[in-house]
Amino acid sequence: VSGATPVGPRPGGTGKASATVAMVGAGQLARMTHQAAISLGIELRVLAAGPGDCALAAGATGLLAGDDPLADLRELADGADVLTFDHEQIDPELLRRLEDEGVRLAPGAAAKLFAQDKLHARRELERLGFPLPPFAAAESLAEIEDFAGRHSWPLVAKAPRGGYDGRGVAFVEGAEDAARVLEEFGGTLLLEPRLDLERELAVLVARSESGEVALYPVVETVQADGMCREILAPAELPEGLARQAGELGVGIAEGIGAIGILAVELFLTGDGLLVNELALRPHNSGHYSIEGIETSQFEQHLRAVLGWPLGPTGLCGPAVVTVNLVGPPDGTDPRTLLGREIGAADAHVHLYGKDASPGRKLGHVTAVADDLQVARERARHLAERLGGLS
Ligand SMILES: Nc1ncnc2c1ncn2[C@@H]1O[C@H](COP(=O)(O)OP(=O)(O)OP(=O)(O)O)[C@@H](O)[C@H]1O
Ligand SMILES: [Mg+2]
């Protein structure tokens, strides 16, 4: 058994930080959290899966995971004020163990499970009375056909655990597809009818241990191939719907005891708003907040997990649009184009320092403007010139 390898100066060893936050994961969310941590003099200590993880490349201190996940988490948390997350892919049982040992987790293990297990989330949110798509658990073809009998094909089948960016989500046209998906995903599936989505929305809420809550404007998210491509803020919605989305966000944050940023993905259907899934960490739908909101989701997450007072969440302009830079099929790397193209539109570029590969989120572009159409055109234009608007 080899232990975790320290990277950079021994975390906490300098005694010069305003606080030390440990974060499981070292991807782009950790990288952008680190950027916010620098301004506040907070030391962000990350647990990276490999030396190339992009938060390490940006200078966060941390550990490279060894082959004993519990030992790694203990070492990561040792001496930090709080332990938080940049992803969901941690065994929930390990989080419960850490909590029992007295490690301060934000969010706690029970709240985090809502983002780790879609079936658990559906069952508990239903119990709490939140509006959801019809759903069922299924382990066999007979159960899937039974659900299809009640809701009709096509269905959506989801792996309850381990999915992201559309991986773990399958559109199922009929029994033949169903058999294949059962085989591929294994175990229990979460089934839903394929809904007619008018739009997809997301609402971010920050909640701190004191119970203080900060609500962000409702945004529209545009997906392709199960992956978020664009964020439009604020969503153009009738006042009543926007208010209802905000109330759902705050109600869920309080109902499940979320700490830090909670992102609630919503479906707008003919039957109104339905809760899709939750993330308890900074979220892609909040990337616009770096330039678009008085307090970015990354700073807010740090403040909330530390129990510090939260910052204001007003928009910095009438309209803000973020376009994700997704690696194009031809392998073009936005880094090689940036120096030539950065002036192509009045918009802000964020590159995550990741090697380009098709379909990978490599960065994002945000534009603030007087209306959504102009902001969208600017952000898209620059994203296209960087090769990442596929
Ligand atoms: N029941 C459904 N009906 C229609 N479309 C759906 C349904 N469920 C999911 N989708 C589509 O698939 C996308 C991905 O689904 P979901 O959010 O559950 O998966 P994910 O892979 O965990 O997502 P993420 O990209 O947020 O990590 C949704 O944003 C939506 O566009
Ligand atoms: Mg989703």
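Let's start with E265. In this predicted model, E265 has a relative accessibility of 18%. The cut-off for buried is under 20%, so E265 counts as buried. Now take E277. Its relative accessibility is 26%. That makes E277 partly exposed.

Why put these two side by side? Both coordinate the magnesium ion, ligand 2. Where do the two residues sit? E265 is in strand 14, residues 260-269. E277 is in strand 15, residues 272-279. They are twelve residues apart.

Next, helix 12. Which of its residues are buried? P334, L337 and E341 are. They span an arc of only 70° around the axis, so they lie on the same side of helix 12. Over on the other side, T336 and G339 are exposed. What do the buried residues pack against? Strand 17, strand 18 and helix 13.

One more residue here: L338, also in helix 12. Set aside its neighbours within four places in sequence, and L338 is in contact with V349, L351 and L386. For a sense of scale, take G162. L338 and G162 are 176 residues apart along the chain. Their C-alpha atoms are separated by 33 Å.

That brings us to helix 13, residues 372-385. It has 14 residues. From first C-alpha to last it reaches 20 Å, close to the 20 Å expected at 1.5 Å a residue. Its buried residues are L372, A375, R376, A379, L382 and A383. Look down the axis, and the buried residues of helix 13 fall within an arc of 140°, so they line one face of the helix.

What covers that face? The cover includes helix 12, at 334-341. Strands contribute too, among them strand 12 (219-224), strand 13 (227-233) and strand 16 (319-326). Strand 17 (348-351) and strand 18 (361-369) are also included.

Now the two ends of helix 13. At the start, look at D371. One of its side-chain oxygens comes to within 2.9 Å of the backbone nitrogen of Q373. Just after the helix, look at G387. G387 takes a positive phi of about 85°.

Conventions
Residues numbered from 1 in each chain as written. Chains lettered and ligands numbered in written order. Predicted model: local features only at pLDDT ≥ 70, side-chain atom pairs only at ≥ 80, totals over all residues. Heavy atoms only, no water. Helix = DSSP H or I, 4+ residues; strand = E, 2+ residues; numbered from the N terminus. Expected span 1.5 Å × (residues − 1). Buried < 20%, exposed > 50% of the residue type's maximum accessible area, 1.4 Å probe, protein only. Arc of directions from axis to C-beta. Contact = heavy atoms within 4.5 Å. Polar contact = N/O pair within 3.5 Å; in protein donor to acceptor, adjacent residues only side chain to side chain. Donors = N, O, S within 2.8 Å, 3.2 Å for Na, K, Ca; no water.
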